[in-house]
Structures are given as C-alpha cells and as structure tokens.
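Let's take a walk through a protein together, one piece at a time. Have a look at the structure below and keep it in view as you read.

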Amino acid sequence: MDRADRHPTPPSRSRGAAPEKPADARAPSSLALASPLAELSGVGPKRAQALAARGLSTVEDMLFHLPARYQDWRERSTISALRPGIAAVVEGTLEKARERPMRGARWRRLVTASLVDDTGASLRLVWFNLPAYMAGRLPQGARVAVLGRVTEAADKHLEMAHPEITAADSGAGEPIRPIYRLPEGLNQRLYAKLVARALDEAAGAVRGAIPAELRAAWGVPTSAEALQYVHRPPADADLERLRSGRSPGHAALAMDELFAFELAMCIERERMARRPGLQLAGPSTLTDSFVGALPFSLTRAQVRAIGEIGADLDRPRQMNRILIGDVGSGKTAVAFWAALRAVESGAQVAIMAPTEILAEQHHRNFSRMCARLGVMSALLTGNVTGRERERLLRALARGDIPLVFGTQALIQEQVRIANLGLAIVDEQHRFGVFDRARLKSLGPKANVLMMTATPIPRTLAMTLLANLDVSILDELPPGRTPVATEVFEERDLADVHRIVQAEIARGRRAYYVLPLIEEDEGAEEEPKSVAAMAARLGERALAGVRIGMLHGRMRPAEKERVMREFRDGALDVLVSTTVVEVGVDVPEATVIAIIAAERYGLAQLHQLRGRVGRGSEPSRCCLVVSADADSAARERLEMLARCGSGAEIAEEDLRMRGPGDLLGARQTGALPLRFVHFIDDVAMIARAREMAETWLKRDPALELPVSADARTALRRMLEFGFSLADVG
Ligand code: ADP
Ligand code: MG
C-alpha cells in the first residue's frame, strides 16, 4: 500500500498493488508487510482465522503486536539455591520421566520427571495434562533448561509445576524470550518463529514517521530497529525496562507516534489560525457595565483570560480556545463576558451545558447578574416543547434572540441560529466529539470557547492541546477556605454521620455520594448504594432529616425536581450517585461524604469535592475508604486530602501514573495512539514537539521527498475522520 501511495500515477488494475514488479515475479518465500498471515508456513486457515479474530491479519499486524511479557532464561540457578515461591531457570539432566493417566480424569496425562543438576541435587517436575505436542517426547537423559515457579510439595520435596522446558544448548539463541497474547492453543514458540521470519524479511519495509536526518540528529532508532529490539531483545537488555515498556525499543516506537501526533497538532493549529471567523469588535458598552456591576472584582487570572479571549475575538479569524479552570475558579464570569462581547458586536451566542440543571443555572445566573443590561436571553432544553419551542426556534433563526442557553437540544437538527458569532461549551469533556462538531456547524464562522474543570497538568496541556489556544484560571477568588478533606475507614462511618448531623443542625446541607443505585437487601456490609444509604440514614443516623435521592435511573424531570428541592432548601441531604458531579452550585452545602472513594479517579473525586466550599462557610469532604481497598488506593486518597488545587492534583497524578497513562486515559478511542503508554517522561512529549516544529520549519507542507513517510503517517493520524480541534 505504501509503495502504491507514493507512485506518481495510480497503478492500473491489471498491474496489481506492486507496480514496479509483476506480482508473479516475486520470490514465493518473500514476505511483504501486507502479506496475509496464512502465507506463513505453520499458519493454516484455522489458525489464520483465530489470529484474525485477535486483529492479526497481516505481517504488519504481527510486527506491531508486541510481547505482553518476557521470560528471562539468562541466569541459571542451582537446585540448592531454590526456595519455594521464586521463579528460576535450572539446567540439568532429565531423568525418570513417567507419563500416566491421571486418577479420576483418565483422559489427562500426568507427567513427572526429575531434573538433576551438576551437584547431583534433584528437582521434581510435574505436568498435569502435558501439552499435546510434548506427549511422549520428553527428552529422557538429555541436558535441558527448565523455567518455572518453585513450590514445596506435601513431602517437602521441591517441585516445579508446568515448567517451560528447552534443550540446554538451544536456549542460547533466546536468552530473553517474548511471550505474546495469543489465541488459545497457539504455541508461543511457533509464533515466535513466525515473528522472527517476519522481522527478517519484512521489518525493513516498516516506514516510521520521523525523517532519517531528524532521527540521526536526535538519536532515535528506526522503527525496524525498535521492533527488532522489542521482539528479540539483546542478551544484555534491561529486563525491568522491557517488562514495563520502557526499553529503548518501546521508547522509539512511542517517539515515532508522538512525532506524527505533534506534526498533526502543529499543522492543524496553522490551518485553524487561517480559518475565517466572525470579527467581534463592537464598542464595549455591555462588557464595561458588566464588569463594573459585578459584586466582586475579577481575579488576575480572570482578567488575563478575558484579555486573551478579547484579543482573539478582535481578529477576523476563528477563535478556538479552551479555558481550563478548577472548580469554583470563576469560569462562568469569563464566559458571560465573552458572550456580552459578542452581543455588543451584533452577533448571537449559544452556550451549551451537559445537563438541564446546569443550563438552567447559567441562564438564571445570567438573568440575575445582567438584568440591567437589557440583553434578551432564552433557554432551550428538552423541556421546552410545542408552541413555545416553535416560537423560540423562529426567533433564533431570525436573529431576534442574542443569547441562548441550552443542552444538547441546541444541536438538534431544526435549530438555526442566524448570526452565530460565538459558541461556548461548558464542561466540554462531557460532550462527544460529534456534539462539539455539530455545535460548530451551527455557524461556520463562529468562534469557539470550550471550558473544562478537568485538572490537566500545565506541562501536558501545552503539548496535548497544542492545536488549541489555552487559557488557564490558576487562581481561586479570594476568601475561599479550602475544603478540609479527611480519609475515614468504612467502620468509622458513624463519625461521618455525626459530622453531617452537626452541619445540618446549623442549617447547612450535605451530600452523600455512592457508587451503586440499589443493592441486595439485607447485605451485612455497609451500604454502597443510594437506596440503602438513604434508607439507613432515614431510620437511624439522620432520623427526622429531609433526605432526597438522586441517580441516573430516575426520569430527567424527577432528577431536576429533586435537585431543585435541594438547591432551594426543601431537602437537607442529597444521597446521590456521581450524577451530582457536574457544576451545580449550592452554596449552603458544606459537607460531602464520598463512600467507597477508592473506586473513583482523582480528577473525579476533586470534581465531587468541588460541590462544597462554594460559599463563604468552611466546608468538609469525607472520603470513606472500603475495608478491602488496597494500600495504593489509600495512598491516592491521602494525597487528595493533602492537595487542595486541581493543578496540584494533576501534577501529583502525573507523577504517580506517568504521562503515558494520563494521555492514554484521555485519548482512548479518539486517536490512533497505540504506544502512548510507553511514554514515561514528559520530556519525551516536549522532544517530539520540538522535532515536529524543527521539521515543519524545513518543509512546512511536507512536500519534499524526504518527508514522504512523515506525510503518510500524518495522513493516517488525520484519517480518523474528525478535526483534531475536537480532541480536547
Ligand atoms: P466554575 O469555574 O467552577 O464554573 P463558577 O463560575 O461557578 O466556577 O464560580 C464559582 C463562584 O465564584 C460563583 O458563585 C461566582 O459568582 C464566584 N466568583 C467568580 N469569580 C469571582 C471573583 N473574582 N471573586 C469572587 N467570587 C467570584
Ligand atoms: Mg462551571
């Protein structure tokens, strides 16, 4: 395919896929990247089918199917040094091999043998059900090496169950043996041989994205070398690095991919910078009086973000900006400023939020904060139906309503907005790529402002979101007391209830968050469901308190009603699943108890914690950890209790999980990044970016012949069918 791609004229049908040579002139044994695996000897139609079901259809697929783990055959132990529980390789002579049917399961063959090492010590080897290919073929009297885990049998004799076995002299060829994830019944050794052949005959044809001279300058191995390394590691390879995906081979594969990704980012950014956008540069009548009338003064971060957005809107280019700010950092005021800037410039604005209650909250806040400005605004959600909806849609299409708040209802087909100059997406990570794309298609020249509270480390934001302009609110409004966070054991739940009770006695409100909606009645353990917790609180700990329930299985109208009752003080306690997470603002809520907190990611816990501490009162967050949680989970929760800001948590999360894991989690399914988990260092990302920028300076449109492979890789990256602008 590669070759056909670069051929100046499309190959004609009759000449097949390899225009330089008629297909039949190829040596029958030579493998191409696109060769089907069935062409390999040892792979019949049945095996080929099983492999294909695992996504392994071609030689290229095989080359990029990396080992899942590695076996180390390098260090030999003597039998006297073996202890139960360790894994070891022992070399010696195979004696007393005996095969017999197993008692009670006569179709299985129990095989025992004895391995005698040079000191004369012996180790018992046992196979329950010997693999068929070994039946009757244990090399009695031969010198072998075995690898396995040592156990102590009932008679105190040391034994190894199901050891790997290999002729001692042939072991030299593969001191570190790769083990693959393979379909049931496919022999590892046979497969490794197939891979070896693929490496020898076809790996040289693998084209990496990084141009040769750039590779040389930055010392990055070629993809072919990298594949050799991971499939057939050299004898002196660092096993730990191989096992954790941090070997030079793994790193080179990740670098190649990152390079293509950063190329795409840079090119996309350039392209977007040229895209025409509605210039919003009217007299600042509304924005001035908005800022003047605010009951607070803007934080420095808010002023900076407003400056950046204002400058973008001032140009006849499309703004594509993301505003990243911790919960409570005041993104809404910035969004309203941007909206008013568009309105005073004669354009219409749409503000989309992921839930009705949030859209409604924005609409209500706007009406309250901006009543004097006389800007007409409307709310479009699934609740708006019939004649009212028709009237609203007509008004939007005519351009009569300058500002509309809404949910996904905004991006339904019938909606037209005559003069959309700015689209704002709140909690953008809650929307899919296509939702955001559809919002944009409401107005092709509309400027776009996305907002998110997902904590993302600054170091990653700059490279990961390099296609967007980034504004960061890294400062909370003054006067906030941080939410006091504490970890509780499940058995101390009563302490948590007491804290809640005390807050309610002072007229405050509380959240309980649980992972389940319902669970089996009569469970002995502490409740982990909304239903059980609500019932138990009502009966005992919080008897007499007004308790409401909220979860995803309730009808939307029902959910909205409960949330409203809580907001307005008709309920004191809200027992909920994480549906409560999204930016709902109830300043009177001063305590949140999160049950089975170990089940959530740090970012999500931080978002949940952000439900309290929204007023001037000191607030608390109780993280309740289940009895069976492991120590790593506890450590993460302790970390959350120590760190107050999203930025701090993001950096700490980055330190604990590594950038590969973070990127992987963010990118799942969105981009063809296969090796992203091998990035163990933020500096790698920065390096890939610098390489991409260097190359684009040299060849901005990737037109030179030396850029051919880079261009192919870029196209693959972009072929994912959507603009990278939607990645964030
Ligand atoms: P988020 O960034 O999570 O969306 P909001 O915009 O909802 O945060 O703001 C949280 C609260 O802080 C709101 O009640 C808002 O009125 C208030 N607020 C915003 N900016 C300031 C400021 N500069 N000074 C004081 N309070 C502010
Ligand atoms: Mg918000």
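Predicted model: local features only at pLDDT ≥ 70, side-chain atom pairs only at ≥ 80, totals over all residues.

Seven strands form an open sheet in the order S12-S13-S11-S14-S15-S10-S16, with parallel pairing. At the edges stand S12 and strand S16 (469–473); each has a single partner strand, so one side of each is left without a neighbour in the sheet. From one strand to the next, the twist averages 20°.

Now zoom in on one pair. Strand S11 (residues 348–352) and strand S14 (residues 420–425) run parallel and are joined by five bridges. Within this pair, glutamine 348 stands opposite leucine 420 in S14. Helix H12 (residues 356–370) packs on the sheet, where it touches S12 and strand S13 (403–406). The direction of H12 makes about 170° with that of S12. Another helix, H10 (residues 300–313), lies across strand S10 (320–325), strand S15 (447–452) and S16, and runs at about 160° to S16.

Next, find helix H11 (residues 331–343). With 13 residues at 1.5 Å a residue, H11 should span 18 Å, and this agrees with its end C-alpha atoms, which are 18 Å apart. H11 is mostly covered, as twelve of its 13 residues are buried. Among them are Phe336, Trp337 and Leu340.

Finally, visit a loop. Threonine 381 is found between strand S12 (377–380) and helix H13 (386–398). Is threonine 381 buried or exposed? Its relative accessibility is 3%, and buried means under 20%, so threonine 381 counts as buried. Beyond its neighbours within four places in sequence, threonine 381 is in contact with Glu356, Ala359, Thr407 and Ala409.

Notes:
Residues numbered from 1 in each chain as written. Chains lettered and ligands numbered in written order. Heavy atoms only, no water. Helix = DSSP H or I, 4+ residues; strand = E, 2+ residues; numbered from the N terminus. Expected span 1.5 Å × (residues − 1). Buried < 20%, exposed > 50% of the residue type's maximum accessible area, 1.4 Å probe, protein only. Contact = heavy atoms within 4.5 Å. Pairing = 2+ DSSP bridges. Axes fitted to C-alpha atoms, helices over the stretch in contact; angles between N-to-C directions.
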